[in-house]
Amino acid sequence: MAERKKRKMQEINASSMADISFLLLIFFLVTTSMDVSQGLSRRLPPPLPPDAKSQKNEIKERNIFIVKINSQNELLVQGQQIDVSQLRAKAIEFIDNPADDPNLPEKTTEEIPLLGTMTFTKDHVISVQNDVDTQYQAYVLVQNELVAAYNELRNRLAMERFGHLYDDLEEDQQKAIQKVYPQKISEAEPKNYGGKKNG
Amino acid sequence: MAKIRRGGKKEMPAINTSSLPDIIFMLLFFFMTVTSMKEVTYKVTIHPPEATELQKLEKKSLTRYVYVGTPTEEFRKQFGSETRLQLDDAFADVSQIEDYVVRERSAMDEDEQNLMTISIKADKDTRMGIIGDIKQALRRAYALKISYAAVQRTSY
């Protein structure tokens, strides 16, 4: 017995542990991808019931902002040909309508929690129409500029009222601002262009 | 003044490396949490379009992907060089999207089903015709939350 006590437990050689964990680490580095999925989030309108007639546009003409993209990726905004870089400013002017221009969307006054009485263009709609041959990149760019217009307006209001950027606000504050600047980008029903290009 | 002896006789003591595995494990766990497994092997080439106003997709488990692009080199012979669709690991047709969405949605928890997001990962040179068809199919399948996958634009 006395002999046994003397004997020490032999220490496990742990030097290969580092190698093993390195191996695991490298395996995970190779099989995984760091890039997070990012994208422009959109919401599609619910499908029309099959028996429904194509709904008539009951939106007043001044409330609608039409962006058309043709097969050459050129833009026609409110009947004017412009460059993508001008689209944001155009959209901001349309959504905000600061001078209450009769050609720009109507303004309504409403009580909004946290913000008080606000006057804003409640019923505006931005309609994006594209050709079958439009390049995807051009379409995404247009969507991007429109989202950017909304973000700029939201940030502006958030800075003015709460002193922070929109993303840094509390959830209920964000909701209030969303009410003033709701994202209303309509994904138009695709039109059968057929031979006609003026859809 | 103490004199520092610099005897050539003395050997450098070996650095204790017993904490090395712990450090590596820590790195390992870090990478395991921040990264994600590759979703699928691409059978189509995708150069995503560029944009600036990007939002992160919040929950990976609620996201399903639709890949759109031209088949990669090895599939050219079989599938041609026209724009094709990939769902999960296989080429698919637009008409299969509805089934796919319904199947994937029924596999989710009930309270998460309406949070499902479809991310459209399309090549930037894709024509809008096929994207429009996909959008219509998604509408019919009531998958209304979509996201156009894009990468951050670095310069104009």
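A:Gly39 stands opposite B:Gln55, a residue of strand β4(B). That pairing belongs to a spot where the two chains share strands: two bridges join β2 of chain A (residues 38-43) to β4(B), and the strands run antiparallel. Please keep in mind that this is a predicted model.

**Where the chains meet**

- The contact draws on 51 residues from chain B and 49 residues from chain A.
- About 4,600 Å² is buried between chain B and chain A, and carbon and sulfur atoms give 60% of that area.
- On the chain B side, several elements each supply at least two of the residues that touch chain A, among them α1 (20-34), β4 (55-56), β8 (117-122) and α4 (128-140).
- The largest share of that side comes from α1(B), with nine residues.
- Sorted by class, the side of chain B that touches chain A holds 28 nonpolar, eight polar and 15 charged residues.

**Polar links across the interface**

- How many salt bridges does the rule find across the interface of chain B and chain A? The count there is zero.
- Polar contacts do cross the interface, with 21 residue pairs found, both partners at pLDDT 80 or more.

**Salt bridges over all chains**

- Searching the whole structure turns up seven salt bridges over all chains.
- One of them joins the side chains of A:Glu145 and A:Arg88, at 3.1 Å from N to O.
- A:Glu145 sits in helix α4 of chain A (residues 136-162) and A:Arg88 in helix α3 of chain A (residues 84-96), so this pair ties together parts that are 57 residues apart in sequence.
- A:Arg88 also meets A:Glu152 in a salt bridge, at 3.9 Å from N to O.
- Because A:Glu152 lies in helix α4 of chain A and A:Arg88 in helix α3 of chain A, this second pair ties together parts that are 64 residues apart in sequence.
- Together, A:Arg88, A:Glu145 and A:Glu152 are linked in a network of salt bridges.

**A pair within one helix**

- A:Lys175 and A:Glu171 meet through their side chains in a salt bridge, at 3.9 Å from N to O.
- Both residues lie in helix α5 of chain A (residues 171-180), four residues apart, which is about one turn of the helix.

Technical notes:
Residues numbered from 1 in each chain as written. Chains lettered and ligands numbered in written order. Predicted model: local features only at pLDDT ≥ 70, side-chain atom pairs only at ≥ 80, totals over all residues. Heavy atoms only, no water. Contact = heavy atoms within 4.5 Å. Buried area = accessible area lost by both parts, 1.4 Å probe. Salt bridge = Lys/Arg side-chain N within 4 Å of Asp/Glu carboxyl O. Polar contact = N/O pair within 3.5 Å; in protein donor to acceptor, adjacent residues only side chain to side chain. Nonpolar A, V, L, I, M, F, W, Y, C, P; charged D, E, K, R; others polar. Pairing = 2+ DSSP bridges.
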